[in-house]
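Hi everyone, thanks for making time. I'd like to walk you through one structure today, so please have a look at it while I talk.

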Amino acid sequence: MKILVLGAAAGGGYPQWNCSCPNCRRAWNGDPLATPLTQSSIAISADGVRWALLNASPDLRQQIAGLPPLQPQATEGRNSPISTVILTNGDVDHITGLLSMREMQAFTIHCSDRVKLALDKNAVFNVLNPDLVKRRALPLDRTVDVLDADDVSMGFTVTSFVVPGKIALWLEDLTKADFGSVEGDTVGLKITDKSNGRSFFYIPGCAALPADVAARLENADLLFFDGTTWTDDEMITTGVGTKSASRMGHMWMSGPDGSMAAMMPLRIKRKIFIHINNTNPVLIANSTERKDAQAKGWEISYDGMEVVL
Ligand code: MLT
Ligand code: MN
Ligand code: ZN
């Protein structure tokens, strides 16, 4: 299976349009140690022809422009190798790329019942003609074949499972505990190549690592994991926000309560951070934080990164 990182940044991208935090300032200034990143999404293909997006970022058009395998391959007419989109939640940075996939192209969407409800209730997604774009609900904890618009297997299966998190920011109900979050609002994905049985995990949003999620990840070949922030209070200390990482539904990387410490005992063969917020010091190529993460066995993803599983 081929995996392409379309975008490695969290919501807002890097640099973010309205941000002059220390990291964004360096990227705006063209610092070669501060490479810009688009918003998080990966593309995967088992047959090298048809591709699945795991989340569809608002930067999708730019991402396609930079990656020839995702561009139309036929010599005439309307066509796309992007055959399906699998969603991990309903966040703006994960679903709004769907709006760039209008123009009468057939593909499928796979998502939890909760995310499907959010799409179904929001009329703007009617720009995707329902005769051409089938929305398939992904049942939790069941392994299902991923199908293209012709109901042909993409060559891999997906198992979605609950991870700690919350409802999308734009759907939060501030009068309710947990902002009205319900099981299935945020999921992790296990993708398995049917031809060789190899699998990997895609978890770009995760607020904690409970024992059941840790058990799934034990001995995994490959994990892409939530790399939003380095510390819980990073948005506050960089002066750009008031929310902690945990309030936003994300683990932070560093320290005894961070994701790197939590994952340390799990013997995961390859660990890659994705969905990295523009405030995160690991974005700076020679930072002590990046060196610390690498010393702990983590890679920092970047736009255009390729992995073969
Ligand atoms: C998040 O990851 O917390 C969300 O993308 C926030 C947002 O919707 O901006
Ligand atoms: Mn996000
Ligand atoms: Zn910034």
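What arrangement do the four donor atoms around the zinc ion (ligand 3) make? Before I get to that, please keep in mind that this is a predicted model.

Let's meet the donors. On the protein side, the zinc ion (ligand 3) is held by Cys19 (SG), Cys21 (SG), Cys24 (SG) and Asn278 (OD1), at 2.3 to 2.4 Å. The angles subtended by these four donor atoms run from 102 to 115°, and therefore the arrangement is tetrahedral. For those of you who like to compare with ideal geometry, four tetrahedral donors would ideally give 109.5 degrees. The spacing of the donor residues in sequence reads C-x1-C-x2-C-x253-N.

Next, the surface. Val92, Trp170 and Leu171 together make a nonpolar patch there, with about 240 Å² of accessible area. Trp170 comes from the loop between β8 (153-162) and β9 (187-193). Is Trp170 buried or partly exposed? Its relative accessibility is 35%, so Trp170 counts as partly exposed.

For contrast, here is a residue in another loop. Thr38 is placed between α1 (22-28) and β2 (41-45), and because its relative accessibility is 7%, Thr38 counts as buried. The side chain of Thr38 makes a polar contact of 2.9 Å with the side chain of Gln63.

Let me finish with charges. How many salt bridges does the structure hold? The count is 19, and I'll pick out a few.

One of them pairs Asp120 with Arg135, where the closest N and O atoms are 2.8 Å apart. Asp120 is in helix α4 (residues 113-121) and Arg135 in strand β6 (residues 133-137), so this bridge ties together parts 15 residues apart in sequence. With 38% relative accessibility, Asp120 counts as partly exposed.

Strand β6 shows up again in another bridge, through Lys134. Lys134 pairs with Asp151, with 3.8 Å between the closest N and O atoms. Since Asp151 lies in the loop between β7 (143-147) and β8, the pair ties together parts 17 residues apart in sequence. Lys134 counts as partly exposed at 32% relative accessibility, and Asp151 also counts as partly exposed, at 43%.

Then there is the bridge between the side chains of Asp292 and Lys296, at 2.4 Å from N to O. Asp292 has 26% relative accessibility and counts as partly exposed; Lys296, at 30%, counts as partly exposed too. Finally, Asp47, Arg50 and Asp148 are joined into one network by salt bridges that share partners.

That's my tour, and I'm happy to take questions.

Notes: Residues are numbered from 1 along each chain as its sequence is written. Chains are lettered from A and ligands numbered from 1 in the order in which they are written. This is a predicted model: local features need pLDDT of at least 70, side-chain atom pairs count only at pLDDT 80 or more; totals for chains, interfaces and linings use all residues. Side-chain values use heavy atoms; hydrogens and water are left out. Donors are N, O and S atoms within 2.8 Å of the metal (3.2 Å for Na, K and Ca); water is not among the atoms, so sites may look incomplete. Four donors count as tetrahedral if all angles lie between 85 and 135 degrees; four count as square planar and six as octahedral if opposite donors are over 155 degrees apart and all others between 65 and 115; anything else is irregular. Patches are made of residues with over 30% relative accessible area and no salt bridge: like charges are joined within 9 Å, nonpolar side chains (Val, Leu, Ile, Met, Phe, Trp, Tyr) within 5 Å. Accessible areas come from the Shrake-Rupley method with a 1.4 Å probe; for residues, only the protein chains shown count as cover. A salt bridge is a side-chain nitrogen of Lys or Arg within 4 Å of a carboxyl oxygen of Asp or Glu. Helices (H or I, at least four residues) and strands (E, at least two) are DSSP runs, numbered from the N terminus. Buried means under 20% relative accessible area, exposed over 50%, partly exposed in between (1.4 Å probe, protein chains only). A polar contact is a pair of N or O atoms within 3.5 Å; within protein, one must be able to donate a hydrogen and the other to accept it, and residues adjacent in sequence count only if both atoms are side-chain atoms.
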